[in-house]
Amino acid sequence: AQIAETVSSAVPAVKAFSPDVIVAIGGGGYIPARMLRTEVKVPILAISLELYDDRTHTANTNVLRKQWFTEEPGTFGALVRGQRVLIVDEVDDTRTTLEYAVKELERTNSPAAIGILVVHNKLKPKKGKLPSYVHYIVGEDVPDAWNCYPWDAKAYGRDIRSHEKLAHACAGETWKSGFPFSFSIVVAGFAGALLSTAVMVLQRRN
């Protein structure tokens with residue numbers, strides 16, 4: 001529930017920016033962007049950028065552009081050029097990916113204005129830089145720790161319920177395991193799946 005609450009808390013700032021379209025950075029920005037769209041009724045476009053290699057668990061030398069959208073007439077991509085665009089991602093870590101996304105959006109699609117919404121901003125020195133005219137919105141500032149998001153729970157050897165229980169423990173909250181009426185989970189109707197929206201913060205090992 002923490003992620004849903006954090007995204008919702010940013011809605012007034014997003015509405016003040018008044019985007020025409022959302023550009024979600026995959027994979028971490030997809031779910032927060034969809035949550036945002038419940039309250040900010042604009043189309044979502046998906047792009048995929050890769051800074052960290054999942055196979056080697058190391059950072060690439062450069063951000064890799066894996067997927068982008070077209071501007072064909074009648075598509076949501078046609079809504080970008082000359083319009084107000086909000087980039088959404090789950091976390092601002094080194095800022096390298098966000099810097100690339102802004103530059104590539106400007107180079108390729110020439111929007112009138114660019115805003116950014118991140119669910120979490122890590123309080124640390126940034127490698128990437130954003131132009132002063134980019135409207136930057138943060139859901140929550142967090143320590144420089146490794147964030148394990150619910151959509152990555154399996155990558156850390158946990159099922160979603162174990163992840164949720166540990167997330168609540170880390171947050172000092174009481175875990176309620178009674179399905180389906182637990183307030184600590186969200187039931188997603190797509191294919192009967194369960195989607196937890198808590199985030200577990202794991203301290204980075206030195």
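**Entry 1: S48**

I started with S48, which I found in strand 2, residues 44-53. Strands here are DSSP runs of E with at least two residues, helices are runs of H or I with at least four, and both are numbered from the N terminus. A note to myself before going on: this is a predicted model, in which local features need pLDDT of at least 70 and side-chain atom pairs count only at pLDDT 80 or more, while totals for chains, interfaces and linings use all residues. Residues are numbered from 1 along each chain as its sequence is written, and side-chain values use heavy atoms, with hydrogens and water left out.

Is S48 buried or exposed? I looked up its relative accessibility, and at 19% S48 counts as buried. The cut-offs are under 20% relative accessible area for buried, over 50% for exposed and partly exposed in between, using a 1.4 Å probe and protein chains only.

Next I asked what S48 is in contact with, leaving aside its neighbours within four places in sequence. My list reads G26, Y30, L64, R65, K66 and Q67. Contact means heavy atoms within 4.5 Å. I also checked G26 by C-alpha atoms: S48 and G26 are 22 residues apart in sequence, but 4.6 Å apart in space.

**Entry 2: Q67**

At 36% relative accessibility, Q67 counts as partly exposed. With neighbours within four places in sequence left aside, Q67 is in contact with Y30, A46, I47 and S48. From Q67 to G26 I have 41 residues along the chain and 8.9 Å between C-alpha atoms.

Most residues other than glycine have a negative phi, and most peptide bonds are trans. I went looking for exceptions.

The peptide bond from G26 to G27 is cis, with omega near 5°. G27 sits in the loop between strand 1 (21-26) and helix 3.

R95 is not a glycine, yet its phi is positive, near 75°. I placed R95 in the loop between strand 4 (84-92) and helix 4 (96-109). Its relative accessible area is 19%, so R95 is buried.

S110 is another non-glycine residue with a positive phi, near 50°. It lies in the loop between helix 4 and strand 5. At 34% relative accessibility, S110 counts as partly exposed.

**Entry 3: helix 1 against helix 3**

How do helix 1 and helix 3 cross? I took helix 1 as residues 2-9 and helix 3 as residues 30-37; their axes come within 9 Å and cross at roughly 55°. That makes helix 1 oblique to helix 3. Axes are lines fitted to C-alpha atoms, for helices over the stretch in contact, and angles run from 0 to 180 degrees between N-to-C directions. Under 35 degrees counts as roughly parallel, over 145 as roughly antiparallel, 65 to 115 as roughly perpendicular and the rest as oblique.

I then looked up which residues meet there. I3, A4 and V7 come from helix 1, and P32, M35 and L36 from helix 3. By class, this contact has 6 nonpolar residues, no polar and no charged ones. Nonpolar covers Ala, Val, Leu, Ile, Met, Phe, Trp, Tyr, Cys and Pro; charged covers Asp, Glu, Lys and Arg; the others, Gly among them, are polar.

**Entry 4: buried faces**

In helix 1, Q2, I3, T6 and V7 are buried. Seen down the axis, they fall within an arc of 130°, so they line one face of helix 1. The arc is that of the directions from the helix axis to the C-beta atoms. These residues pack against several elements, including helix 2 (11-17), strand 6 (135-142) and helix 5 (160-170).

In helix 3, I noted P32, A33, M35 and L36 as buried. Their arc is 160°, so they too line one face of the helix. Among their packing partners are helix 1, strand 1, strand 2 and strand 4.

For helix 5, the buried residues are H163, E164, A167 and H168. They fall within an arc of 130°, so they line one face. The face turned away from that buried side carries the exposed residues K165 and A169.

**Entry 5: whole protein**

I counted 5 helices and 10 strands in the protein. Buried residues make up 43% of its 206 residues. Of the contacts with a separation of 6 or more, 62% come from residues 24 or more positions apart.
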